[in-house]
Every structure is written in C-alpha cells, then in structure tokens.
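Hello,

Here is the structure we talked about handing over. Please have a look at it first, and then read my notes below.

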Amino acid sequence: MLSNTFYVRPHPDVELGYRRSLLEYQLTFPEAGVNEETGLILFITPFGDTPSSEYQANKLRPYLANKSNCIVAGVHYWGVDNEIKSVKFDNAYFATLSSLYGIPWTDFLNNDGSLQDDCLDILAFHLKQRGIQYLFGHGSPYMLLSYHLKGEYQSFGFLPALDYLSVLGDILKKHTINRRRIIAYGSSYGGYIALLLGKFAPHTFSAIIDNSGFSRASVVDICTKDYKLGPLVYRHEGVTIQAIADEPWTLSDELDPYYFSDSCRAIRSLLEESHRIASDTTYYIFHGDEDKVCPTSEKEQVVNILEKYNQVNFKKVTADDIDGRVFKDLSHGMKASLRGIFDLVQEAGGKLQKGEDLTDFDRSSVYTFDCGNKSYRFSYSDDYQIRVEILN
C-alpha cells in the first residue's frame, strides 16, 4: 500500500493570530493504482487519534482506499497532536496548597530553588498522607496544564476545517482525481469537522459521512479556565489529580482579545439555518440514541435543517440496531466500526458521487456567513487557495 507524506502552507489563524507551522498530511493510494474514476476521501480523526497511528495508517485508510477506489487523506490538523506537555507549578499554587492542606511548598524545590522533576509524585504523596483521593482544581489560582504541542490551542473545529480545505486545495492542484467523488468522513470530533466542511464548502463534497459528531462548539472544552476543567494529570495508588487546561479563550470579559463571542460560536454552529446553502452534497449521519457527549436531540435539529437544503440519510441507532459488529452500544461513538459504517453506506447504494465535477475552488465561490457582530467571509480561487476574513 503506497502512502506518502506531504506538506502545505496552512491558512493563517484569523481569530487569535497564533503562528502556524507547515501543515503535514498523509495520502494513502489504492493498491490497484489511480485511474480516471479514482476519488478522494478526507478522513478526519477524532480526539485521541492521529493520522499516523497504526490504525489510521495501516488499517482504516488502506481499507477505505481499496474499498472505494479513492485516495484517502489524513491531516495533522490544528490541535490533533495533543499530549501532556507541562504542568505549571507556581508560587500562587503552592500558597493554595499550603493554605488548604498544609503542604509545605519547600518540599517541591531542589537545593538551588528550582522545581523538582517529580512534583506530581510529591504532591500525590502529601495528598495520600492526608487521606485526600481527589484533587480537582480547588482554590484559586488553579494548576494550569499546557498540553498542546506546537503552541496550538483548542480552536474547536474552525482551524481544523480550514486545514482540511487547505489540504484539499493542495491535492486538487497536484493530483488528478474524479472531482465528482470527494468525500469527507469523520467520527465524533472528526464527524463534526466533516459537517463543518459541508457548511463552509457546500458545492465541493459529493458526500459527508458523520458518526456521532458534535452539532456546535463545546464551550466548556474551549473556555476551560472559566469552567475549571481539564484532563487528569496523575492517577496512581489511589490518588487522582486534575489540572485546568491552559486555553486562551475566555467568557469572562468581552473586551478581552481572547473573548469567545457569540460570533465565534455561530461560525462553529451547525444549527444556524441562515448559513445553509442548497447543494448536491449527500449527508450520511449516524448517531446513538443515548449519546450524552453530543446530544442526539441537537443532531436531530441539525438533520431537520439539512433536509431543507440537501439529501440526508439519518440513522438514529437504537437498541434494535446493536449488532456487536458495526454498533456495539448507544453511548457516544457507539464503539462503532468505522470500516463497517462505510460499508453500510456503500451497501445501501450510497450516493458517493455528485452530478457535476466543479468544486468551490473551480467556481471561485465566495460565502459570507453572518455571525452577528462579525461576519466570516470564505473566498475560494481557481488556483486552489482559500482565504477567510473576519468582517466587523
């Protein structure tokens, strides 16, 4: 199976102005080679997975490529390569530990006053001595966790969608594909990004396949310091410690340059009917009946809107659909087989090809999404570039 790595210049961060590095993506080609019918699948990984994982690179993308006669792209989109990078212990936090629990801050320091490497182990030792099993962001200020690689932050769908559109433009420029067969497919957060692609580039995709995607931005995952949320950073011998994710966004001050405004929410929402544009894209949406992460009721609202503008095939998975093969349960993601879902779409005679071969790049489309105080203008050009501007 031939798979190659490519790089493209990403779209600038028009919201917060963070510096962008070259965007990496992988292409997996069908074993039989590329012909005039070969299409393209943009597979969008969910939280916790990356395009270079064993499953993505050696199982899923090759399967999709051969099953569909498509080149399959995986993109290291903004925020996908996450891991715990550092936990910030500062004097204010040590003072909090001292006032709440009587933990001496000097225990965390080397003789030269620098922090010891095993601060979390030291903290866990003191907590265990005091019979404290859980430490979940007590006191103020909080322990802040920096966990994004490459200086990235949680954009929640917006920058990742622009990354996939930038990669799509690069692929269209460099490879000959059947432009009537361009598919976006994702699960969970990846499904949400796929749905955003259909919103931002309505005349580009023949099909959007979504498994359990979000319907709008999860504000609690974006404005983490306001909600005092973050991942677990320590769990050992009966002690669990949670940090607060050090994201830039805030809801506390609308004059803050990092204020997550209603406009920021609207551009990320699939529930804004005024943003919909009728097109030939067909949607295949699968969602578990008991999804508590991405509420099923919200996805049903999305479907009700989409059906006015597109052909939509919606499967609300219920207890009768649990087969142990494709769908394992009704919770978020349904522990579903991503290969199995694609097979279901194909076996049902899924319309994975649209009538015309023009994309939004070929059309030089311009879309302005009214988001209240601000508007987001998407401009596509026939040299396969995309430009997004925020208009006040």
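Which residues does F205 touch, not counting residues up to four places away in sequence? They are L42, L165, L168, I182, I183, A184, L197, T281 and K354, where contact means heavy atoms within 4.5 Å.

Before the rest, a word on the source. This is a predicted model, in which local features need pLDDT of at least 70 and side-chain atom pairs count only at pLDDT 80 or more, while totals for chains, interfaces and linings use all residues. Residues are numbered from 1 along each chain as its sequence is written, and side-chain values use heavy atoms, with hydrogens and water left out.

**The cores**

F205 is, with F200 and F378, one of the residues touching the most other members of the largest nonpolar core, which has 70 residues. Helix 4 (residues 158-174) contributes the most to this core, with 10 residues. Another core, of 24 residues, lies apart from it and includes A65, C70, V326 and L330. A nonpolar core here is a set of buried Ala, Val, Leu, Ile, Met, Phe, Trp, Tyr and Cys residues joined through side-chain atoms within 4.5 Å. Buried means under 20% relative accessible area, exposed over 50%, and partly exposed in between (1.4 Å probe, protein chains only). Helices (H or I, at least four residues) and strands (E, at least two) are DSSP runs, numbered from the N terminus.

Three strands make an open antiparallel sheet in the order 15-16-17; two strands pair if DSSP finds at least two bridges between them. Strand 15 (366-370) and strand 17 (386-391) are the edges, each pairing on one side only. Strand 16 (residues 375-380) and strand 17 share six bridges, and R377 has E389 in strand 17 as its bridge partner.

**The rings**

There are 28 aromatic pairs in the structure. Rings of Phe, Tyr and Trp (its six-membered ring) pair if their centres lie within 6.5 Å; planes under 30 degrees apart count as stacked, over 60 as edge-to-face and the rest as tilted. W249 and F260 are edge-to-face, at 4.9 Å centre to centre with 80° between the planes. W249 is buried at 1% relative accessibility, and F260 is buried with a relative accessible area of 1%. The Y367 and Y380 rings have centres 6.3 Å apart and planes at 70°, so this pair is edge-to-face. Y367 is in strand 15 and Y380 in strand 16, 13 residues apart.

Best wishes
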